[in-house]
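Please read the following report alongside the sequence and the structure. It takes up one loop, then the overall fold, and then selected contacts between side chains.

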Amino acid sequence: MGNYSKTRSQEMSETVRNKKAAGVRISPAVTRETWMARLAEIPPDSRTAAQRLMGDPVFERSALALRR
């Protein structure tokens with residue numbers, strides 16, 4: 001067995017510090033305007049409760065709608 005001097009938490013903290021020092025971004029920041037623009041692209045949900053329960057897609061995003 002090896003000699004483990006660092007805990008997992010310490011290793012992760014060190015990894016995060018090293019990534020920040022190197023300029024690596026963990027997740028890109030999304031502006032509010034971009035977020036709202038993407039939400040506006042989603043069609044309104046007109047499915048019934050049964051369709052939601054069964055996982056049917058919103059009609060505008062279904063294969064049948066895309067064929068038309």
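Where is the place of Glu60? In this predicted model, Glu60 sits in the loop between α3 and α4. Arg61 has its place in the loop between α3 and α4 as well.

Glu60 counts as partly exposed, with a relative accessibility of 44%. Arg61 counts as exposed, at 61% relative accessibility; the cut-off for exposed is over 50%.

Both residues can be related to Pro43. Glu60 and Pro43 are 17 residues apart in sequence, and their C-alpha atoms are 6.9 Å apart in space. For Arg61 and Pro43, which are 18 residues apart along the chain, the C-alpha separation is 8.2 Å. Not counting residues up to four places away in sequence, Glu60 touches Pro43, Pro44, Ala65 and Leu66. With neighbours within four places in sequence left aside, Arg61 is in contact with Pro43 and Leu66.

**The chain as a whole**

The protein chain has four helices and zero strands. Along the sequence, the pattern reads α-α-α-α. Of the 68 residues in the protein chain, 4% count as buried. The chain exposes about 6,600 Å², and carbon and sulfur atoms supply 57% of that area.

How confident is the prediction? The protein chain has a mean pLDDT of 82, and 87% of its residues reach 70 or more. Among the elements of the chain, helix α3 (residues 49-54) has the highest mean pLDDT, 92. The lowest mean value, 78, belongs to helix α4 (residues 63-67). Where pLDDT is low, the predicted coordinates should not be read in detail.

**Helix α1**

Helix α1 covers residues 8-22 and has 15 residues. From its first C-alpha to its last, helix α1 reaches 21 Å, close to the 21 Å expected at 1.5 Å a residue. Gly23 follows α1 and has a positive phi, near 85°.

Within helix α1, Arg8 and Glu11 are separated by about one helical turn because they are three residues apart. The side chains of Arg8 and Glu11 meet in a salt bridge, at 4.0 Å from N to O. Arg8 counts as exposed at 59% relative accessibility, whereas Glu11 counts as partly exposed at 36%.

**Salt bridges**

How many salt bridges does the structure hold? The structure holds four salt bridges. The table gives three of them, including the one in helix α1.

| Salt bridge | N to O distance |
|---|---|
| Arg8 and Glu11 | 4.0 Å |
| Arg47 and Asp45 | 2.9 Å |
| Asp45 and Arg52 | 3.2 Å |

Asp45 takes part in a salt bridge with Arg47 and in another with Arg52. Through shared partners, these salt bridges join Asp45, Arg47 and Arg52 into one network. Asp45 counts as partly exposed, with 36% relative accessibility. Arg52 also counts as partly exposed, with 42%.

**A nonpolar patch**

Which residues form a nonpolar patch on the surface? The patch is formed by Val30, Trp35, Met36, Leu39 and Ile42. Together they have about 520 Å² of accessible area. One of these residues, Trp35, lies in helix α2, which covers residues 32-40.

Is Trp35 buried or exposed? Trp35 is exposed because its relative accessible area is 51%, and the cut-off for exposed is over 50%.

Technical notes
Residues are numbered from 1 along each chain as its sequence is written. This is a predicted model: local features need pLDDT of at least 70, side-chain atom pairs count only at pLDDT 80 or more; totals for chains, interfaces and linings use all residues. Side-chain values use heavy atoms; hydrogens and water are left out. Helices (H or I, at least four residues) and strands (E, at least two) are DSSP runs, numbered from the N terminus. Buried means under 20% relative accessible area, exposed over 50%, partly exposed in between (1.4 Å probe, protein chains only). Accessible areas come from the Shrake-Rupley method with a 1.4 Å probe; for residues, only the protein chains shown count as cover. pLDDT is the predictor's confidence in each residue, from 0 to 100. Patches are made of residues with over 30% relative accessible area and no salt bridge: like charges are joined within 9 Å, nonpolar side chains (Val, Leu, Ile, Met, Phe, Trp, Tyr) within 5 Å. The expected span of a helix is 1.5 Å times one less than its number of residues. Contact means heavy atoms within 4.5 Å.
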